[in-house]
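Please look through the sequence and the structure before reading on. The briefing below then takes the topics one by one.

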Amino acid sequence: MIKDLFKFGKADMLMWSGIGVFSIILIVAFSLYSDGGGLVVKDLFGLAVVLIGPGYVIVKLYFNDLEISENLTKNPDINRAIDLLIMSIGISIATIIPMNFVWNYMLTMGGGEDIKPGGGGNLWGNVDEEEIYSGSASFRSIFTVIVVVGLAIGYKIFDNKRKEKA
């Protein structure tokens, strides 16, 4: 059932290959000029998981045939790969940032305050103190990605079952 939802092609391979080549270039560049090569790997992985992954899943589920740029290059597969990347990043930002505000509200206003004489703190932490967009927010960013992707896949399966009954 889930295999039927996703159709991968040459444009998908080109997009992920381009991301991979760009990542390797950044890792090599930062490794040569500083000792931060390992940190770049973690941040690039977080970028791919948090700011490309959810949007890519949503694009593949709902907007797979949408074309936003037709004259960037003469190769239609490269144009499609660029479209996939642009839409993936845009949709990820449009879904992850509102979820970050929900997290921030729940963690700062939604309870978990440790009230003691002499002061206390928020037992659950604060999203603003963590780098949710670079993948350093531990379980919170992964949970946000899982919620967004799960809702997208769940609604698509529900919609397909509803259309089969009709």
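Over which residues does pLDDT stay under 50, and how many contacts beyond four places in sequence does the model have for them? The stretch is residues 132–136, and the model has 23 contacts beyond four places in sequence for this stretch. This is a predicted model, and the mean pLDDT of the protein chain is 78, with 77% of its residues reaching 70 or more.

**Overall build**

- The secondary structure of the protein chain consists of 4 helices and 0 strands, and reading along the sequence gives the pattern α-α-α-α.
- The protein chain has 166 residues, of which 34% count as buried, while its accessible surface comes to about 10,600 Å², with 68% of that surface belonging to carbon and sulfur atoms.
- When contacts with a separation of 6 or more are considered, 65% of those in the protein chain are between residues 24 or more positions apart.

**Ser-88 and its surroundings**

- Ser-88 has its place in helix 3, which covers residues 76–108, and Ser-88 is buried, with a relative accessible area of 0%.
- A polar atom of the side chain of Ser-88 lies 2.6 Å from the backbone oxygen of Leu-84.
- If the neighbours within four places in sequence are left aside, Ser-88 is in contact with Leu-51, Ile-52, Gly-55, Tyr-56 and Val-59.

- Tyr-62, Phe-63, Leu-66, Ile-68, Ile-86, Tyr-155 and Phe-158 make a nonpolar surface patch of about 670 Å².
- One of these residues, Ile-86, is found in helix 3, and Ile-86 counts as partly exposed because its relative accessible area is 48%, which falls between the cut-offs of 20% and 50%.

- The structure holds 4 salt bridges, and one of them is formed by Asp-77 with Lys-10, where the closest N and O atoms are 3.9 Å apart.
- Because Asp-77 lies in helix 3 and Lys-10 lies in helix 1 (residues 10–33), this pair ties together parts that are 67 residues apart in sequence.
- Asp-77 is partly exposed, with a relative accessible area of 26%, whereas Lys-10 counts as exposed at 53% relative accessibility.
- Lys-60 forms a salt bridge with Asp-12, and in this pair the closest N and O atoms are 3.0 Å apart.
- Since Lys-60 belongs to helix 2 (residues 37–62) and Asp-12 to helix 1, the pair ties together parts that are 48 residues apart in sequence.
- Both Lys-60 and Asp-12 are buried.

- Asp-159 forms a salt bridge with Lys-163, with the closest N and O atoms 3.4 Å apart.
- Asp-159 and Lys-163 are 4 residues apart in helix 4 (residues 139–165), so about one helical turn separates them.
- Asp-159 is buried, because its relative accessible area of 8% is under the cut-off of 20%, whereas Lys-163, at 52% relative accessibility, counts as exposed.
- Asp-159 and Lys-163 also belong, together with Arg-162, to a network of residues linked by salt bridges.

Methods
Residues are numbered from 1 along each chain as its sequence is written. This is a predicted model: local features need pLDDT of at least 70, side-chain atom pairs count only at pLDDT 80 or more; totals for chains, interfaces and linings use all residues. Side-chain values use heavy atoms; hydrogens and water are left out. Helices (H or I, at least four residues) and strands (E, at least two) are DSSP runs, numbered from the N terminus. Buried means under 20% relative accessible area, exposed over 50%, partly exposed in between (1.4 Å probe, protein chains only). A polar contact is a pair of N or O atoms within 3.5 Å; within protein, one must be able to donate a hydrogen and the other to accept it, and residues adjacent in sequence count only if both atoms are side-chain atoms. Contact means heavy atoms within 4.5 Å. Patches are made of residues with over 30% relative accessible area and no salt bridge: like charges are joined within 9 Å, nonpolar side chains (Val, Leu, Ile, Met, Phe, Trp, Tyr) within 5 Å. Accessible areas come from the Shrake-Rupley method with a 1.4 Å probe; for residues, only the protein chains shown count as cover. A salt bridge is a side-chain nitrogen of Lys or Arg within 4 Å of a carboxyl oxygen of Asp or Glu. pLDDT is the predictor's confidence in each residue, from 0 to 100.
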